[in-house]
Each structure stands twice: as structure tokens, then as C-alpha cells.
Amino acid sequence: MITGLMFRDSIIYAANNIANSRQALDALNIFPVPDCDTGTNMSMTIGAAAKEMAALPDDCTIEEASAQCASALLRGARGNSGVILSLIFRGFSKAFKGLKEAGSRDIANAFKEGVDAAYKAVMKPTEGTILTVIREAKDAAVEMAGIQDEPLEVAFAALQAAKAALAKTPELLPVLKKAGVVDAGGQGLILIFEGMESVWHNGVIVQPLDGTAGINPVSMPSKSTVANASDDIEFGYCSEFLIEKSSSAKEKDPLKLRAFLESIGDCVVVVDDNDIIKVHVHSNEPGNVIQSALKYGQLINIKIDNMRYQHANAEVGVKEGEKVIEPTVIEPENDYGFVAVCAGEGLEELFRDIGADVIVSGGQTMNPSTDDILNAVMRTPAKTVFVLPNNKNIIMAAEQAIPLAADREVRVLQTKTIPQGISAMLAFDDSCDADENQMTMMSAAQAVETAQVTFAARDSEIDGKEVHQGEIMGLCNGKIKFIGDSITEIAYKSADKLFKKNEHSLITVIYGEGVSEEEAVEVESRLEKKYGADVEISVVDGGQPIYYFIISVE
């Protein structure tokens, strides 16, 4: 039988297992745009559950352990891969409800419930992904449970089937085959299952490698000590990671990074060691910490801890007595409110100017969790809160917050870019009801075409285009159309590609970090020279990281 203790420990060591391989898992991402990546998202998602598992007692039931795990995964889910992972374990929790221990048929049922939950959440399931891996694991578990009354054998059969399914993902998705890799989400799931199986079947505990964020069951300090420590914390997030310097950043001075980190936090350590920079900082802006560091190269061994949360919950996990600790809540006095996800001082100011109540700092390289978005919703003083994710990899995490906000209605608008979010908010009409506004706002968002200029984070080949790390890329509505060396040239070409005289009359040029106002004006002048009176052009200093330019055409 699988006990609650076994389940608890298996989650903890599964988190260690995927954390140990996070960098390799991130490298499976075949799209060259800088991203938070699958390994980081899945590792941070299950890491949130592992921290709460560590606080459970040894005599917990499998119902208690799986329910606690599912709750933590739901709130900690980051990116689409993290959300799907949380849904799989939500299914497990449903299957284990009312059980002290789980037998072979219970394990098979858990896989069935996990598959159902994951597939229902994805509007257009794609085979050759994590969904295929979990479905074939389920089929094997059900078959084994019919002939073998031993839960460990059922779990082992599911793992073996998952591995076989992963190996076949390149045959189901040609883009994977061309790149010579397997699906990253499926690989992440197997790393998690392998960590769990090592505890269940072999009794082998996966320990964290040096520099990774390992977790073990711990003895908790006294409640009074916890409370005092929590009250004294000025900067709530501890961020630690290594920067593997990129060739283009070799000449950059790490002292500038240190100066920036000291301006937003304390306990700053920036150690420059040839090709590696070691960073440690306490701040209230972990997203900005990550984004500033990415200018120097790719990040490895990332660890971000919420120190206030750890202290507040150290004695009893997520509970204080029988009362679940809730996020800060502001009474919903207004009819409507808005939460927007973005990064960059200029963009944050812009969204506030057009009506956003709360800004969630995040985006392409730091996907906020469901809990981050929920906390923002609860700080919005409105009965109906519209959430604008402004990134396709944040939409699913935002949607998981909908049932968690008990005293207000949450409506997630599926905005995939910053310009879509801006247009959606500008289309809001407070004389209309929520349904009308949602339709109008999404219609406005979908009418926007977006160009983005960024750098290639890795060598790749997409749609027949060979891309080398460090090259400048122009994306039109998410697809790479231009590759070159000049930021302004690529920005002009990308905007020109989207603009159609008979359909469009407005271009907005949002320039970000690493771009001067003069360069933005250069792009504006070239567009004005070509289109003259046919176009109205606005230039905005967004201050966004990662994207040198974000350009909208309407």
C-alpha cells in the first residue's frame, strides 16, 4: 500500500529530482525566444508543493498529503506546463479522497482522474506533449491494476509506459523530430515520477545537487519565533542563482548589476568568477531581479523563496490552527477592477494610467504563479475583476485563480501580448455589463497585431530559418519573420510587415531596456516617411526587459 508518508516524501524528492535536471530540461525548449522555460516552471511549481509537504506529520493519510499537494500545486503553478502538472495532481487528490492508504486500483484511478483533469483544461489538446505521456501512463496503470494487486507494480508500469510515450513524441510532433529532442513537458513529468518512484519502489531518496534548492522534512521552530521573524522582514523574497555569461555580455560590468540590486533590496552578493556570476539578494521584486540578471547571460540553479511565507507557515505548513492563511484582501467596493501582468516601469505606469488597479510584475522570463495573480485579484477593490495576462504562457495560470476568489468574480481575458492588453483596457465601457465588456474588450484585443524585437537565447531552426544565439529577431504575431544584427532595422521591417494601408491607421512603438529614445525616434521617422498621413504613430518608453521593441498595429 502507498501511505501518506510515502506520498509526502515522494513529492519532496521528486522536486529535488527535477530541480537537479532543470537546466537540461530548459534546454529542450526549441523556440529561441528568451523564456522562463519548461524546466524552471515545472520545478518551481512542484517546489511550492514540496515545501508544504515538508511540514506534514509522519502519520498523515494519503488523502491529506495528496490534498495538500494539489492545493499547493494549484497556487504555485507557473506557465502552461506547471498548470497541467497541477491538474494531474488534482486528479490524484480526487482519487485518494477518503483514503488512508492507496492500493493498486486506487493508483490506477488516480491516473485516470489526472488524465481527465488535464485534458479538460486544454481546449485543443496536442499529441506529442505531456498530455500524451500522462495518458499512456494511465493506460498502463489501468491494465496492470487489472492483473496485479500491488500498487508499486502499477506505479512502475505507469512510469515505464510514460518513458516509452516520451520517446515517441518526436514522431508525433515534427518540430521535435527536426530539432532532435523530446517534449520538455513530458520529460519534466517523467523526472517527477522517477523521483516519486525512487522513494516508493526502491526506498532511494533523491538528494539535491550542490547549488540546487533541496528540500527535506524539517522540525519546525516555535510559533512565537516564527511570528517575530516574519514581522521583521523588510524584503520578502530571497533570490539565488548563477549567471552563465553570454559572449555578448563578457564586457559588461557586474558592478552595475550589483548597484541595481542594492537599489531594490539588501543582502546583495554579486561574485564575478570568469564565466560565472553568483548572485544572492533579498528583495520585494524577484521578477525584476531575474530580468536584470538575464542581460548578462542565461540563469542556472535558480532558487526564489518567499521568506515571509516560510516564516508565517513554518510551524504548520499552510494552516494556523484550523484556519487557512489567506492573501491580503481589500473589500470589493467598486463594480469593476483590473489586474494586468507586465514588466518595465513605463509599462506599469501606462497600465495604471488607463485604469489597472494592481500590476503583477512578470512576463516572458518570469511567469507569475496562480497565487501571485490571486493575491493581486484579492487586492483589487472590485466585485468583478478583469485579469489581463498579456502573455500566452500566463493565461492558464490566471484561469486557475478564477474559482479561488470566493467573494468576487474573476474574468480572465486571453490577451497574449502587451498591446492586446492595452487595447482591451481602452475598450472598457463602465456603462456596459461584464458580459458585454468581456466581448468588446476581447474583440479589441484580437484586432491588434503585434511585432516584437528580441534576441535569440539559443541556436535553433524554426520554419526553415536558422537562428544563432545572440542574433536579433523580429517576431510578427509570434512568428519569427526577420533575423539580423540591427535592432532598429528589424523593428522597422517588423512593423512594415504588419501594417496594411487599407486596414490600419495607428502604430504604437514601445521601446524597452537597451534602446535609446533616439533609436525609437529613428524607427518612428522611417515609418512616417513611408506612410505619411496614412498613419498616426505613438512612441512610448515602456522600459520592458527582453523585448527591445514591442510594436502594435491597429
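Which residue in β17 is the bridge partner of C476? It is K479. This pair belongs to a predicted model. The protein chain has 554 residues, and 55% of them count as buried. Its secondary structure comprises 21 helices and 20 strands.

**Whole chain**

- The accessible surface of the protein chain is about 23,700 Å². Carbon and sulfur atoms hold 48% of that surface.

**The six-strand sheet**

- Six strands make an open sheet with mixed pairing. Their order is β17-β16-β13-β20-β18-β19.
- Its edge strands are β17, residues 479–484, and β19, residues 536–541. Each of these pairs on one side only.
- From one strand to the next, the twist averages 15°.
- Strand β16 covers residues 472–476 and runs antiparallel to β17. Five bridges join β16 and β17.
- Two of the bridge pairs can be named here. C476 partners K479, and I472 partners G484.
- β16 and β17 form a hairpin with two residues between them. N477 sits in the turn and has a positive phi of about 50°.
- Helix α20, residues 487–498, lies across β13, β16, β17 and β20. Helix α20 runs at about 15° to β16.

**The four-strand sheet**

- Another open sheet has four strands, in the order β10-β9-β11-β12. Here the pairing is parallel.
- β10 (358–361) and β12 (409–412) are the edge strands, and each pairs on one side only.
- Neighbouring strands of this sheet are turned by 20° against each other on average, direction ignored.
- Strand β9 spans residues 334–342 and runs parallel to β10, with four bridges joining the two. V339 stands opposite V358 in β10.
- Helix α19, residues 434–446, lies across β9, β11 and β12. Helix α19 runs at about 15° to β11.

**Nonpolar cores**

- The largest nonpolar core has 71 residues. F7, F89, I192 and F193 touch the most other members.
- Helix α10, residues 184–200, supplies the largest share of this core, with nine residues.
- Another core, of 25 residues, lies apart from the largest one. V453, Y511, V523 and L527 are among its members.
- Which residues does F7 touch, not counting those up to four places away in sequence? They are I62, A65, S66, C69, F89, F96, M196 and W200.

**A helix pair: α12 and α13**

- Two packed helices are described by the angle between their axes and the distance between the axes.
- Helix α12 (residues 254–264) packs on helix α13 (residues 286–293) at an angle of about 175°. Their axes are 11 Å apart.
- Angles over 145 degrees count as roughly antiparallel, so α12 and α13 are roughly antiparallel to each other.
- From α12, the residues at the meeting are L257, F260, L261 and I264. From α13, they are N288, V289, S292 and A293.
- An α-helix has 3.6 residues a turn, so residues three or four places apart point the same way.
- Is α13 mostly covered or mostly exposed? It is mostly covered, as eight of its eight residues are buried.
- The buried residues of α13 are P286, G287, N288, V289, I290, Q291, S292 and A293.

Conventions
Residues numbered from 1 in each chain as written. Predicted model: local features only at pLDDT ≥ 70, side-chain atom pairs only at ≥ 80, totals over all residues. Heavy atoms only, no water. Buried < 20%, exposed > 50% of the residue type's maximum accessible area, 1.4 Å probe, protein only. Areas by Shrake-Rupley, 256 points an atom, 1.4 Å probe, with all protein chains shown as cover. Pairing = 2+ DSSP bridges. Axes fitted to C-alpha atoms, helices over the stretch in contact; angles between N-to-C directions. Contact = heavy atoms within 4.5 Å. Core = buried A, V, L, I, M, F, W, Y, C linked by side-chain atoms within 4.5 Å. Parallel < 35°, antiparallel > 145°, perpendicular 65-115°, else oblique.
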